[in-house]
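Thanks, everyone. I'll keep this short. Please have a look at the model on the screen.

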Amino acid sequence: MPTLSRPIYLDYNATTPVDPRVLDAMLPWFTEQFGNAASRTHLYGWEAADAVSDARKQVAKLIGAGEKEIVFTSGATESNNLALKGAFETLGATRRHIITVATEHKAILDTCQHLEDLGAEVTYLLPASDGLIMPQQVQEAMRPDTLLVSVMYANNEIGVIQPIAGIGQLCRAAGVLFHTDATQAVGKIPISVDKSYIDLLSLTAHKLYGPKGIGALYVRKGVKLTAQQDGGRHERGHRSGTLNVPGIVGLAKACQLAAGTMQEEANHLAQLRDSLENGILNALPDIQINGNREKRLPQTTNISFGRVDGEELLMAFNRIAVSNGSACTSASVEPSFVLKALGVPDDLAYASVRFSLGRFTSNEDIEVAIQHVKEVVERLRKQYSLEVG
Ligand SMILES: *Cc1c(COP(=O)(O)O)cnc(C)c1O
């Protein structure tokens with residue numbers, strides 16, 4: 001059978017491979033040590049409960065939390081739902097106003113939409129053209145009945161890092177809950193829930209070299225949430241359902257590895273990302289980098305290519321696996337709503353590519369990617385100028 005060479009993976013913001021060390025840590029918990037962490041009557045249950053307890057400490061440590069403040073979930077989507085719906089169901093009778101940002105992940109925006117149907121009023125802040133919002137915007141949107149502010153730590157499409165501590169500080173002063181979807185930031189940059197005045201924080205394992213289907217919600221001590229799933233009252237009543245012990249062990253191992261190498265890995269990835277960016281900028285005219293280039297995750301760049309057909313562009317990249325962050329439906333390909341919120345014109349938004357690098361990206365991968373992007377864009381631009389005239 002001929003071996004098809006697989007494209008170079010540059011879509012780490014969509015998901016990461018499981019680190020082999022994470023897999024090793026998980027394996028025994030599928031087979032010999034398969035107990036239910038809620039079984040109190042025998043060794044199988046006890047050892048699973050111990051593993052979960054150790055894991056909880058490990059996850060908490062990465063964000064400066066206490067172990068009792070970690071609720072395991074199925075991932076960031078569930079964590080976001082639990083944070084927003086759980087807070088609204090608890091306090092929504094008197095506080096109906098929520099503040100969020102137009103460039104949030106759909107797991108926040110669709111949850112807000114759902115709450116609007118239930119009577120919530122939601123303010124969607126618009127970021128500046130570099131993707132950043134200012135704490136002052138949050139301050140100005142505050143009302144006496146504001147329940148919660150939800151601002152993502154770092155954007156999944158453009159990588160910009162919001163001024164979380166500044167926003168948290170003014171939420172705390174106003175007595176308003178502060179939630180952050182930190183899915184893209186956890187394990188990539190240092191996070192302290194205390195220093196940033198965070199009350200609720202969502203994270204997921206599969207964006208930091210852990211398995212899919214496991215995540216956590218940090219819930220500050222004293223914050224009341226209504227559970228969104230009823231049953232055996234696991235996770236101190238926040239989230240019923242038998243714990244995913246292998247997943248939890250994997251998430252913890254991924255957090256431990258991230259804590260050990262974060263700074264080193266960030267420097268390395270920023271270097272690779274910058275050489276990719278500079279390589280493309282030097283090779284091709286009419287290129288635009290989207291989002292603030294300073295306050296940005298080290299592994300992400302989002303680039304618009306002028307004078308090409310956006311739909312053809314992604315199809316033509318067959319040696320690299322990248323994305324455009326756009327929502328594809330069977331009927332149409334919409335340009336990224338994040339880029340549109342930044343004021344990027346439609347034709348450029350269509351012809352935008354997110355490159356996201358990770359732990360297993362090599363120098364050679366970047367060299368091949370630059371050359372491939374150059375060839376593809378030059379070819380498409382020749383076609384484009386013939387078509388457009
Ligand atoms: C990936 C992602 C999510 C969804 O996480 P799941 O664990 O897949 O549910 C939510 N928010 C952001 C910012 C993400 O990047």
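Start at Q184. One of its polar side-chain atoms sits 2.8 Å from an oxygen atom of the ligand. This is a predicted model, so keep that in mind throughout. Then T77. Here the distance from a side-chain N or O atom to an oxygen of the ligand is 2.5 Å.

How much of the ligand does the protein bury? On its own, the ligand exposes 380 Å², and 86% of that is buried by the protein.

Who else is around the ligand?

Next, the largest pocket. Its space comes to about 330 Å³. Its lining has 14 residues, and A37, R40, R56, E235 and L243 are the ones nearest the centre. By class, that lining holds six charged, five nonpolar and three polar residues.

Last topic: aromatics. Searching the whole structure turns up four aromatic pairs. Take Y9 and Y12. Their ring centres are 5.2 Å apart and the planes meet at 65°, so this pair is edge-to-face. Is Y12 buried or exposed? Y12 has 6% relative accessibility, under the 20% cut-off, so it counts as buried. Y9, at 31%, counts as partly exposed. Another pair is Y209 with F360. Centres 6.0 Å apart, planes at 90°, so again edge-to-face.

That's my tour. Questions, please.

Note on methods: Residues are numbered from 1 along each chain as its sequence is written. This is a predicted model: local features need pLDDT of at least 70, side-chain atom pairs count only at pLDDT 80 or more; totals for chains, interfaces and linings use all residues. Side-chain values use heavy atoms; hydrogens and water are left out. A polar contact is a pair of N or O atoms within 3.5 Å; within protein, one must be able to donate a hydrogen and the other to accept it, and residues adjacent in sequence count only if both atoms are side-chain atoms. Accessible areas come from the Shrake-Rupley method with a 1.4 Å probe; for residues, only the protein chains shown count as cover. On a 1 Å grid over the protein atoms alone, a cavity is a set of points where a 1.4 Å probe fits but cannot get out, and a pocket is an open set with protein on both sides within 12 Å along at least five of seven lines; lining residues have an atom within 4 Å of a point. Grid points are joined across faces, edges and corners, and a volume is the space filled by probe spheres set on the points. Ala, Val, Leu, Ile, Met, Phe, Trp, Tyr, Cys and Pro count as nonpolar, Asp, Glu, Lys and Arg as charged, and the others, Gly among them, as polar. Rings of Phe, Tyr and Trp (its six-membered ring) pair if their centres lie within 6.5 Å; planes under 30 degrees apart count as stacked, over 60 as edge-to-face and the rest as tilted. Buried means under 20% relative accessible area, exposed over 50%, partly exposed in between (1.4 Å probe, protein chains only).
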